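I opened a new structure today and kept notes as I went. Here is what I looked up.

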Amino acid sequence: MANSRFEYVRTFERENILLPQTHIIIRIDGRGFHKFSSAYEFQKPNDPNALKVMNLSAQALMKSIPEVMMAYGDSDEYSFLLRKNCDLFERREFKLITAFSSGFSAYYQYYWNIVFPNKPLSVERLPTFDARAVVYPSDSIVKDYFRWRQVDCHINNLYNTSFWNLVIKGHLSPQEAENKLMGTVSSDKNELLFKEFGINYNDEPEMYKKGTVFIRDVGDTLDLVPNSDVNLSKRQVERLRGKLRKVTINELHCDIIKEEFWNKRAWLLK
Ligand code: GTP
Ligand code: MG
């Protein structure tokens, strides 16, 4: 950038550098998806094609940013876990969140057109996503973060499955369905689904019950991920990014609450 007498305006700019040596998680969330989903007539409670657009977008974003080790999502949200010591955008918060939200929004619109060729997006209602970045100081808190999101997915899905069955098959009004579910616990909803609609909640698709997990499956090549980036030169970082880019990304719909998931994939938090 050429020097000019106007250069001083840069002194007003502010950066927030995310704490080093902590795990960064960036969560994107669809803006106004309650209205968006009804405008584009999503299936209730889950639209498999809309979820496909979310999943394709998350996978594409993960492919393009090799620092992402894992992603977890359901409904209109996705959480991306970055490699612990990564120095992506020098850990500048605003660069990170704007890159993730704009990247995800762009992929979403691209894949929407492929998955829904007969539902063109209207300029009045385009899908966009906001993002936040949070740093977590320990492995156990990162695990609890993802557990929190999966429990949330489960609670919402059980509620939505009960609610929409009462409305669509049970012919209750939304208000009546809401009243009927008020104060119920999980076992009540399981029983209601079984007794009134012959649905065994356990048999519902795993993607709906557990959400979607993408992992960069480092597996046998564990030594690929260094313990620290502190002493890595720029060239070494680029080489590492190149290697990580080639690692297969696997899609799972499994339990991430039990310790077993994390024990099997120690590299995710390395
Ligand atoms: P903000 O995130 O605050 O902008 O609000 P929001 O309207 O996006 O709501 P929120 O993120 O809390 O929740 C997402 C909403 O998206 C759900 O409440 C549903 O209304 C809708 N949604 C997401 N996935 C599906 C789906 O597969 N089917 C249907 N029918 N609705 C969905
Ligand atoms: Mg939303």
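The notes below go from the ligand to single residues, then to cysteines and charged pairs.

**Ground rules.** I worked on a predicted model, where local features need pLDDT of at least 70, side-chain atom pairs count only at pLDDT 80 or more, and totals for chains, interfaces and linings use all residues. Residues are numbered from 1 along each chain as its sequence is written, chains are lettered from A and ligands numbered from 1 in the order in which they are written, and side-chain values use heavy atoms, with hydrogens and water left out.

**Ligand 1.** A backbone N or O atom of Gly 32 sits 2.7 Å from an oxygen atom of ligand 1. For Asp 47, a backbone N or O atom is 2.9 Å from a ligand oxygen. Pro 45 places a backbone N or O atom 3.1 Å from a nitrogen atom of ligand 1. Taken alone, ligand 1 exposes 650 Å², and the protein buries 64% of that (Shrake-Rupley method, 1.4 Å probe; for residues, only the protein chains shown count as cover).

**Pro 45.** I then checked the backbone here. A cis peptide bond joins Lys 44 and Pro 45, with omega about 0°. Pro 45 is in the loop between α1 (33-39) and α2 (48-64). Helices (H or I, at least four residues) and strands (E, at least two) are DSSP runs, numbered from the N terminus.

**Asn 165.** Is this residue buried or exposed? Asn 165 counts as buried, because its relative accessibility is 10% (buried is under 20%, exposed over 50%, partly exposed in between; 1.4 Å probe, protein chains only). Asn 165 lies in helix α4, residues 139-168. A polar atom of its side chain is 2.8 Å from the backbone oxygen of Thr 161. I also listed its contacts (heavy atoms within 4.5 Å). Leaving out residues up to four places away in sequence, Asn 165 touches Gly 170, Leu 193, Phe 197 and Ile 199.

**Cysteines.** How many disulfides are there? I counted zero, taking a disulfide as a pair of cysteine sulfur atoms within 2.5 Å. For Cys 153, the closest cysteine sulfur is in Cys 254, 12 Å away and too far for a bond. Cys 153 is buried at 3% relative accessible area.

**Salt bridges.** Side chains of opposite charge can pair when their charged atoms come close. The structure holds 15 salt bridges (a side-chain nitrogen of Lys or Arg within 4 Å of a carboxyl oxygen of Asp or Glu). Arg 92 and Glu 15 form one, at 3.3 Å, N to O. Arg 92 is in the loop between β3 and α3 and Glu 15 in the segment before β1, so the pair ties together parts 77 residues apart in sequence. Arg 241 and Glu 67 form another, at 2.8 Å, N to O. Arg 241 lies in helix α8 (residues 234-246) and Glu 67 in the loop between α2 and β2 (68-74), so this pair joins parts 174 residues apart in sequence. Arg 241 is buried at 17%, and Glu 67 is buried at 4%.

Notes
A polar contact is a pair of N or O atoms within 3.5 Å; within protein, one must be able to donate a hydrogen and the other to accept it, and residues adjacent in sequence count only if both atoms are side-chain atoms.
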